[in-house]
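Let's take a walk through this fold, one piece at a time. Keep the viewer open and follow along.

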Amino acid sequence: MERRILLTCVLLTVLLRPTDAQSAVSDSVLNCCEGDVLFLLDSSGSVSSYEFSRMLSFLSELLRPFSLGPDQVRVGLLQVGTEPHLEFGFDAHSTQRGLQEALQRTKQLQGDTNTDKALKLAQERVLKEGGKGGARAGLPRVLVWLTDGVQPGAVEGPMEALQEEGVAVLVVSTGHGNYQVLRSVVTPPADSHLYFVDIDDMSIIAKDLRDAIIEIIRAERLQVRDVSTRSATLHWRPILTAGTGFYDIRFGPVPTGTGGASGGPGTSPIVGGGQWRRVTRPGDASSAKLMDLQPDTQYRATLTPESNLDFLKPLSITFTTQSEVLSPAVVTVLESGTNSMKVSWGPLQPNSVKKYQVEYGALPGGKVHIATVSRDRNSTVLTNLQPDTQYLVTVSAFHSSGQERAMSIKACTQEVLPALADLQLTTVGSDSVRVQWKGQAEGLRGYWVTWEGASGSSGHSSSLYLPPSSVSTLLTHLPPTSRVCVSPVYRTARGEGLCCTARFYSDVIPRGDLFYSPA
């Protein structure tokens, strides 16, 4: 008795421990695909309970290696009986654990074999919804029909309609009848999409059927991002792991006149003596940066997953690097004063530029000055300029290739805005004040006089604009305490003004009738 128990335990341990081959299969399928797979399972009374359980076990084995989720593989299960029953849809399970538990819970329907009715449901609701717009638009869709081959029904029309909508149809039959009907409904090629197998031998076809599904839904997406003049980054969906292989990447310029289709790894020198180059990335990588490319050049890159477990097809893509933008492409004035301005340009290209030269002169016809700037700087300050003057500024870049590029802009220095020199207030009566000031006439356009009641008084705010010849004015009907300001006005802005406060209360100590009370 003890020996029998020990033997049973050893047998269970062997069955439950994944073999190296099973792990290898999982690694090679991991993250391989993106698409929707609907299984049409014969759950009618013509299928015995034993056969039904074997079919579910087969589905469990078949699907276990796949990565599930909204951006991977989605699986649905539709049972065939008197009335079709959607056991679970595409969005139901995004983990293997959830999927496997759902398969274990699946109960047989029994009843008649109304396959054509189930197909109409698949066409109208399940597969059509999976193929609508959005992030999964254009992704492959697959229908896998598991049947005992008995009384398949009028399935040719619904199957043809599904295929016209882009759904690939595969069939697994555990019987050996109705070959012509089953063969007519599968998507070519029939030798990899139609299987006849005994119910106890279904595991034999698991890998072949899985490979057939993978061939349809494999995510062959090699993308190029961040393309610049001299670099680009390849991105792909990882289909290997660190321990199962590596990615071999070959890239090179496309020969002119080939339309981007010829050439390849190992070819002779091409286009101006360019060679195909090679980089490798580990199995868990999903991107690679291609460096030292030529500007405005069409390249072809080929990614080959190298694995000792399985043969995986290479992926290729063609892209064109950006045209080189020679500096300076833009010139701007960062700061401008009355006698100086800071000029900037870009892009900074220290590896291809020997030096920069900045020429500037007043318009029209002013003397031209020249400043030389090192190749690792993209700005300089121009000094000893005339105020309120327009300048023509030209930045030239002398490239190592012998090319010279220049760009010019017009920029103005700021106007000199002299401040008000003096401000005096003299009271006249009980509510008036004479305002006197001293300004500088050069460039002056006028004066702006403002006054308002000080905080806590009942005064109001008023203003007055006076011509540049004015040096005084009389303000009347002022509040008991008033704040008076005078600012010089120039062509482009106001200059710095002065403010004083006039008070008419007895607590103010006068100096004659003159008040000096700066703000």
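For what follows, a disulfide is a pair of cysteine sulfur atoms within 2.5 Å. Keep in mind that you're looking at a predicted model. By that cut-off, the structure holds 1 disulfide. Its partners are Cys485 and Cys499, with an S to S distance of 2.0 Å. Zoom in on the bond itself: the torsion about S-S is about 115 degrees, so this disulfide is right-handed. Cys485 sits in strand β26 (residues 481–489) and Cys499 in strand β27 (residues 498–503), so the link ties together parts that are 14 residues apart in sequence. Cys485 and Cys499 are both buried.

What about Cys500, is it buried or exposed? Its relative accessibility is 5%, and buried means under 20%, so Cys500 counts as buried. Cys500 is in no disulfide, though, and the nearest cysteine sulfur, the one on Cys499, is 7.6 Å away. Cys412 is another story: its relative accessibility is 43%, so it counts as partly exposed.

You'll find an open sheet of 6 strands, in the order β3-β2-β1-β4-β5-β6, with mixed pairing. Strands β3 (85–88) and β6 (194–196) stand at the edges, and each has a single partner strand, so one side of each has no neighbour in the sheet. On average, neighbouring strands here are turned by 20 degrees against each other, direction ignored. Further in, β4 (residues 141–147) and β5 (residues 167–173) pair in the parallel sense over 7 bridges. If you want a landmark on that pairing, look for Val144, which stands opposite Leu170 in β5.

Helices lie across these strands. Helix α3 lies across β1 (35–42), β2 (73–80) and β4, running at about 165 degrees to β1. Helix α6 (residues 156–164) lies across β4 and β5, and runs at about 140 degrees to β5.

Next, the nonpolar packing. The largest nonpolar core has 59 residues, and those touching the most other members are Phe39, Phe66, Val144, Leu146, Leu209, Ile213 and Trp236. Which helix gives the most to this core? That would be α3 (residues 49–63), with 7 residues. There's also a second, separate core of 22 residues, which includes Leu78, Leu143, Val169 and Val171.

Trp236 is worth a click. Setting aside its neighbours within four places in sequence, Trp236 has contacts that include Arg221, Leu222, Tyr247, Ile249, Arg281 and Leu303.

An α-helix has 3.6 residues a turn, so residues three or four places apart point the same way. The length of α9 (residues 206–217) checks out too: at 1.5 Å a residue its 12 residues should span 16 Å, and the end C-alpha atoms are 16 Å apart, which agrees.

Last stop: Thr320, which is found in strand β13 (residues 315–320). Its relative accessible area is 42%, so Thr320 is partly exposed. Not counting residues up to four places away in sequence, Thr320 touches Val227, Asp296, Thr297 and Gln298. Arg300 is 20 residues from Thr320 along the chain, and their C-alpha atoms are separated by 8.7 Å.

Definitions and conventions: Residues numbered from 1 in each chain as written. Predicted model: local features only at pLDDT ≥ 70, side-chain atom pairs only at ≥ 80, totals over all residues. Heavy atoms only, no water. Core = buried A, V, L, I, M, F, W, Y, C linked by side-chain atoms within 4.5 Å. Buried < 20%, exposed > 50% of the residue type's maximum accessible area, 1.4 Å probe, protein only. Helix = DSSP H or I, 4+ residues; strand = E, 2+ residues; numbered from the N terminus. Contact = heavy atoms within 4.5 Å. Pairing = 2+ DSSP bridges. Axes fitted to C-alpha atoms, helices over the stretch in contact; angles between N-to-C directions. Expected span 1.5 Å × (residues − 1).
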